[in-house]
Amino acid sequence: MHIKSETAERHTLAVIVDNEPGILARIAGLFTARGYNIESLTVSEITVDKAVSRITIVTSASKPMLEQIVAQLDRLVPVHKVRDLTAEGAHVERELALVKVRGVGDHRIEALRLADVYRARVVDATTSSFVFEVTGGTEKIDKFVELMSEVGLIEVARTGIVAIARGKDAA
Amino acid sequence: MTEKSGADILVEALCDLGVDVIFGYPGGAVLPIYDALFRSGRIRHVLVRHEQAATHAAEGYARSTGKPGVVLVTSGPGATNAVTGITDALLDSIPMVVITGQVPTALIGSDAFQEADTVGITRHCTKHNYLVKDPALLGGVIHEAFHIATSGRPGPVVIDIPKDVQVATAAYQKPGPIQHKTYRPALKADRSDIEQAIDMLAAAERPIFYTGGGIINSGPAASLLLHELARLTGAPVTSTLMGLGVFPASSPQFLGMLGMHGTYEANMAMNQADLIIAIGARFDDRVTGRLDAFSPNSRKVHIDVDRSSINKTVRIDLGIVADAGHAMEDMVRIWKARQHPKPDTAEWWRRIQGWRAVQCLNFPQDNEVIMPQRAVRALWEATHAREPIITTEVGQHQMWAAQHFGFEKPNKWLTSGGLGTMGYGLPAAIGAQLGNPNALVIDIAGEASIQMNIQELATATQYRLPVKVFILNNEYMGMVRQWQELTYESRYAESYSDSLPDFVRLAEAYGWKGIRIEHPDQLDAGIAEMLAHDGPVMVDCMVAKLANCFPMIPSGAAHTDMILQANEVSGTMDDEAKALV
């Protein structure tokens, strides 16, 4: 006998929660406890009084499992609401990366040239290195990091995805 | 306002919430609370002998009274011992509030003596949990915890209180009705959804009500609404293990329990139905069997207070998120308002009677050894007029009790369904007896399960609780042995109950009466002797050692593939089936 797996779709969820201790553990633990997958998770306070946080989760799951994920998140006591942005239509997804690159000789010029193409900003520079700040969709960042690895990638820090629905309405 | 210590706030809040009994065990990190309880004298504390038993006793109390069960244990091992019962309450949706002591806030995270990360450990086995670091917040948290534990889909809530918070002072005022910021469980269904359900019910040719523990949680009125709905529609009713008692077992409309050890008629009717109305039941794997073969030609309506139960395992045509009682009340009202005639289900019932004629619960008779099914039936015969509360442990005896002991009313059947916790029955019986002092409470047990919380014999003795324990002793962990017979060609790995104690003398050592029944001729007299004694009694009833519990849907099989008799057992299974629970 072999273990079977189901085909999965990638969905981005916005989860609005009470900013109480342990909330992130509650959400992340729910995913591990029920065998759901987290590809990216970001969290930050979003109100002036710091009482509410927005968690953006990218998950891949089958359709029925996605429905379960939303329902399971929604029944946690501190959760205000859960939105499946991918299912609900057009939305914007962005990620920010800080990319440290060795910059000497020809590679230094090439790194700057590529950064320009990707609209990456130089946020730190030494005579032998750069730190680029680049924002965009996951694919763009993946591609930028891939190119940088050819010219001398040192390390990468990425925020994970934040997302918001297009149009005038709140999630 | 005068300030009180956190411990005094806790006791006062519990009194304000109407708590009259707490099941607990003291320890270093809850000493201030025990002192506050002692000084107050307003709440009865029941001292168990192990914290797991405190949680099961609270479950038994809750399930039999409809009120939340309350547990008080110390930090560290007190809390970790309670985890099994907390998880049990989560899976069976039992309202329970567990108060755990914690090391002082300054010591949290330092690996202090008897420190455990209680909120971390219980985060995923509670409906919600709290670590309270400020006595000023304590009163509000306690009231909120009871609200969460008892509303919506009930469940366990843990409140972890560091020792310094129990000692520090703050003001306490009884809060008004709780309006939680984010937690607002649905009660009433959309009218259009109920109307659609009624349309489907009126048009169905082969409808069936598939009912579960959610109806019990909704309160006794919900059971009466189910009777009314069944009367109006003429549809058959089946029930999950957790739902037994929501519909009278003696009613000709009741098909018995469904699922793995359910009746032939219940499972065949589910398989052949054209409409399933699921109410307060969650399509558990023990109910559905093989999912792709589960009731293939039916449309499915699912009424559940927990949205995540709908479409979890089985695709539903109409999901209704609502309290079972409210939804059924609306259904009855709309059905009557429309003056629907009773649908013609004669042909459907003719088929059901055909399945019933199989008499799937028949078992081989024996004049020399006691068949366990016969023992359960004898117990029912002798006690049913007194409407006893029956608890069980987990295993064959539990299934035989579910099959052969008929329940007429809700809150009379207390069993560990979802988690399947051996050791549940004795403490649950103790909790039920405390909540129902005049009731006859019997734990139908197995000789293996009863040993998992055997220490609670002392608790019953201490509080003079006349609970009865009726052990079906077959000297095996019977259900394990049965699966080994079915799946592993009778290689009985570690399932023999070796070195059993002499249960009669054990009972006597704890101040109980002990009775042994060894022969079918002694059965009725032994039961009568048990009932005649006004204190706690343990009956060691020696039954057939190798009897199996049938009917059975083997794991991974469809409802139509039931094993009805022992001669249908092949002794092996393929790997796909072996891998299922």
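Colleague: Is the crossing where helix 3 of chain B passes helix 4 of chain B left-handed or right-handed?

Modeller: We're looking at a predicted model, where local features need pLDDT of at least 70, side-chain atom pairs count only at pLDDT 80 or more, and totals for chains, interfaces and linings use all residues. Residues are numbered from 1 along each chain as its sequence is written, while chains are lettered from A and ligands numbered from 1 in the order in which they are written. A crossing is left-handed if the near helix is turned anticlockwise from the far one by less than a right angle, and right-handed if clockwise. When helix 3 of chain B passes helix 4 of chain B, the crossing is right-handed.

Colleague: How many charged residues does the contact of helix 3 of chain B with helix 4 of chain B have?

Modeller: The contact includes E51(B), H56(B) and E59(B) from helix 3 of chain B, and N81(B), I86(B) and D88(B) from helix 4 of chain B (two residues are in contact if their C-beta atoms, placed from the backbone, lie within 7 Å). For classes, Ala, Val, Leu, Ile, Met, Phe, Trp, Tyr, Cys and Pro count as nonpolar, Asp, Glu, Lys and Arg as charged, and the others, Gly among them, as polar. By that scheme, this helix contact has four nonpolar residues, seven polar ones, and its charged residues number three.

Colleague: Which UniProt domain is placed at residues 5–119 of chain B?

Modeller: The end C-alpha atoms of that span lie 22 Å apart, and residues 5–119 of chain B are 46% helix and 18% strand. UniProt positions are given in the numbering used here, feature names are shortened, and annotations may be inferred rather than shown by experiment. The record, an unreviewed entry, calls residues 5–119 of chain B "Thiamine pyrophosphate enzyme N-terminal TPP-binding".

Colleague: How far apart are the end C-alpha atoms of residues 194–330 of chain B?

Modeller: In UniProt's unreviewed entry, residues 194–330 of chain B are listed as "domain: Thiamine pyrophosphate enzyme central". That stretch is 36% helix and 20% strand, and its end C-alpha atoms are separated by 7 Å.

Colleague: How many nonpolar residues are in the contact of helix 10 of chain B with helix 13 of chain B?

Modeller: The axes of helix 10 (residues 220–233) and helix 13 (residues 324–337) of chain B come within 9 Å and cross at roughly 35°, and their crossing is left-handed. Among the residues making the contact are L225(B) and L229(B) of helix 10 of chain B, plus M328(B) and W335(B) of helix 13 of chain B. Sorted by class, this contact has one polar and two charged residues, while the nonpolar ones number eleven.

Colleague: How does helix 15 of chain B lie to helix 16 of chain B?

Modeller: Helix 15 (residues 372–383) and helix 16 (residues 396–404) of chain B pack at about 50°, with axes 9 Å apart. That angle makes helix 15 of chain B, relative to helix 16 of chain B, oblique.

Colleague: Where does P551(B) lie?

Modeller: The peptide bond running from F550(B) to P551(B) is cis, with omega near 0°. As for its place in chain B, P551(B) lies in the loop between strand 20 (537–542) and helix 22 (575–578).

Colleague: How many residues of chain A are in contact with chain B?

Modeller: The side of chain B that touches chain A divides into four nonpolar, five polar and seven charged residues. Those 16 residues of chain B meet residues of chain A numbering 18.

Colleague: What is the mean pLDDT of chain B?

Modeller: pLDDT is the predictor's confidence in each residue, from 0 to 100. In chain B, 100% of the residues reach 70 or more, and the mean pLDDT is 96.

Methods
Helices (H or I, at least four residues) and strands (E, at least two) are DSSP runs, numbered from the N terminus. Axes are lines fitted to C-alpha atoms, for helices over the stretch in contact, and angles run from 0 to 180 degrees between N-to-C directions. Angles under 35 degrees count as roughly parallel, over 145 as roughly antiparallel, 65 to 115 as roughly perpendicular and the rest as oblique.
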